[in-house]
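Please read this report with the structure open beside it. The text goes through the chains, their packing and the confidence in turn.

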Amino acid sequence: MFTPSNQCLDAFTSDRLRISKNALLYTMREPFLRHVTTALGRCANCRRSARENRPDILRGVSSDPGAVDKNGWLRNSISRIGAARRREGSSRQSKKDYLHFLYIARGSLSETQYFIHLSQRLGYLLEGERRDLIGQTRQTFACLHGLIKAVEKESGKFAKAVALLTSLLVLGLWSRSPVVP
Amino acid sequence: MRDYTKIEAWKLADDLTVAVYERTRTYPREEIYGLTSQLRRASYSVPANIVLRPVGA
């Protein structure tokens, strides 16, 4: 995995953006933000690596992170995600938890579909562009559905095994308990 | 954390996010805090939620 240089990290932890280095390192785990962050970095090596990996993101991006992040979206996202990751720690450890987040992803995808539709109705997108994006969302939807079904199946198997063990334990304890007349 | 970049659903969702960002770049200025922001947030929420894969799942 690509790791940005200290010089690049320093550019983001400068006074202008006010992002803590720790929060930034956590953000690097989010793939999209990692690409954006490295693409905005000052270090030539990082910029080159980002350009090679994802040329689409670099288009129209200036070399000054402060100038690009005028609305503070990137800064807010980085701070928020960094703080959230540290808080969560290892709490999301079960398949059930993971399923919960996959359902949220599916909901967000449906939301995206509607916003694309709305954009076309408002004249911001051409019919061809809408068709392309909706096609992409459908493909993602199908793949995500498969992932959800696979995790549900695994989760179901585990739940059944736990239920069986619990019932055997209860039956065992019950048969050993003294009979009340 | 497992390598989420190998999850097919994540790859597609990541591509979708990039496509949405490119398309919304030309949206009018008055939509910056409206539709543009909503659409972008909804789209990057998909890969971000797939990434949160626990160990063993």
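A residue is buried if 20 or more other C-beta atoms lie within 10 Å of its own. T112(A) has 29 other C-beta atoms within 10 Å, and is therefore buried. The coordinates come from a predicted model, and T112(A) sits in helix 8 of chain A.

What is T112(A) in contact with, leaving aside its neighbours within four places in sequence? The list holds one residue of chain A, T137(A), together with V20(B), L39(B), A42(B) and S43(B) of chain B. The C-alpha atom of T112(A) is also 8.9 Å from that of I134(A), although 22 residues separate T112(A) and I134(A) in sequence.

## The two chains

Chain A has 181 residues, and 27% of them are buried. Its secondary structure consists of nine helices and zero strands, so the order of elements from the N terminus on is α-α-α-α-α-α-α-α-α. Contacts in chain A between residues at least 6 apart in sequence join residues at least 24 apart in 63% of cases.

Chain B has 57 residues, of which 42% are buried. Two helices and zero strands make up its secondary structure. For contacts in chain B between residues at least 6 apart in sequence, the share that joins residues at least 24 apart is 67%.

## Where the chains touch

How many residues of chain A are in contact with chain B? On chain A there are 34 such residues, and they meet 34 residues of chain B. Helix 3 (31–40), helix 5 (55–58), helix 8 (95–121) and helix 9 (127–176) of chain A each supply at least two residues of the side that touches chain B. Helix 8 of chain A gives the largest share of this side, 14 residues. Sorted by class, the side of chain A that touches chain B has 18 nonpolar, nine polar and seven charged residues.

## Helix 8 of chain A against helix 2 of chain B

Two packed helices are described by the angle between their axes and the distance between the axes. Helix 8 of chain A and helix 2 (residues 35–51) of chain B pack at about 150°, and their axes are 8 Å apart. An angle over 145 degrees counts as roughly antiparallel, so helix 8 of chain A and helix 2 of chain B are roughly antiparallel to each other. Their crossing is left-handed.

On the side of helix 8 of chain A, the residues in this contact include F101(A), I104(A), A105(A), S108(A), T112(A) and F115(A). On the side of helix 2 of chain B, they include L35(B), L39(B), A42(B), S43(B), V46(B) and I50(B). By class, the contact of helix 8 of chain A with helix 2 of chain B has twelve nonpolar residues, seven polar and one charged.

## The helix pair within chain B

Helix 2 of chain B also packs against helix 1 (residues 8–24) of chain B, with axes that come within 9 Å and cross at roughly 165°. This angle makes helix 1 of chain B roughly antiparallel to helix 2 of chain B. The crossing of helix 1 of chain B and helix 2 of chain B is left-handed. Among the residues that make the contact are W10(B), L16(B), V20(B) and Y21(B) of helix 1 of chain B, and L39(B), Y44(B), P47(B) and V51(B) of helix 2 of chain B. The contact of these two helices has twelve nonpolar, four polar and two charged residues.

V51(B) and D3(B) are 48 residues apart along the chain, and their C-alpha atoms are separated by 8.7 Å.

## Confidence in the model

The model scores ipTM 0.81 and pTM 0.52. Chain B has a mean pLDDT of 86, and 88% of its residues reach 70 or more. For chain A the mean pLDDT is 69, and 45% of the residues reach 70 or more.

Within chain A, confidence is highest in helix 8 of chain A, at a mean of 89, and lowest in helix 5 of chain A, at 49. Over residues 56–64 of chain A, pLDDT stays under 50, and the model has 16 contacts beyond four places in sequence for this stretch. Where pLDDT is low, the predicted coordinates should not be read in detail.

Key. Residues numbered from 1 in each chain as written. Chains lettered and ligands numbered in written order. Predicted model: local features only at pLDDT ≥ 70, side-chain atom pairs only at ≥ 80, totals over all residues. Contact = placed C-beta atoms within 7 Å. Helix = DSSP H or I, 4+ residues; strand = E, 2+ residues; numbered from the N terminus. Nonpolar A, V, L, I, M, F, W, Y, C, P; charged D, E, K, R; others polar. Axes fitted to C-alpha atoms, helices over the stretch in contact; angles between N-to-C directions. Parallel < 35°, antiparallel > 145°, perpendicular 65-115°, else oblique. Left-handed = near helix turned anticlockwise from the far one by under 90°. pLDDT = per-residue confidence, 0-100. Buried ≥ 20, exposed ≤ 12 C-beta atoms within 10 Å, placed from the backbone.
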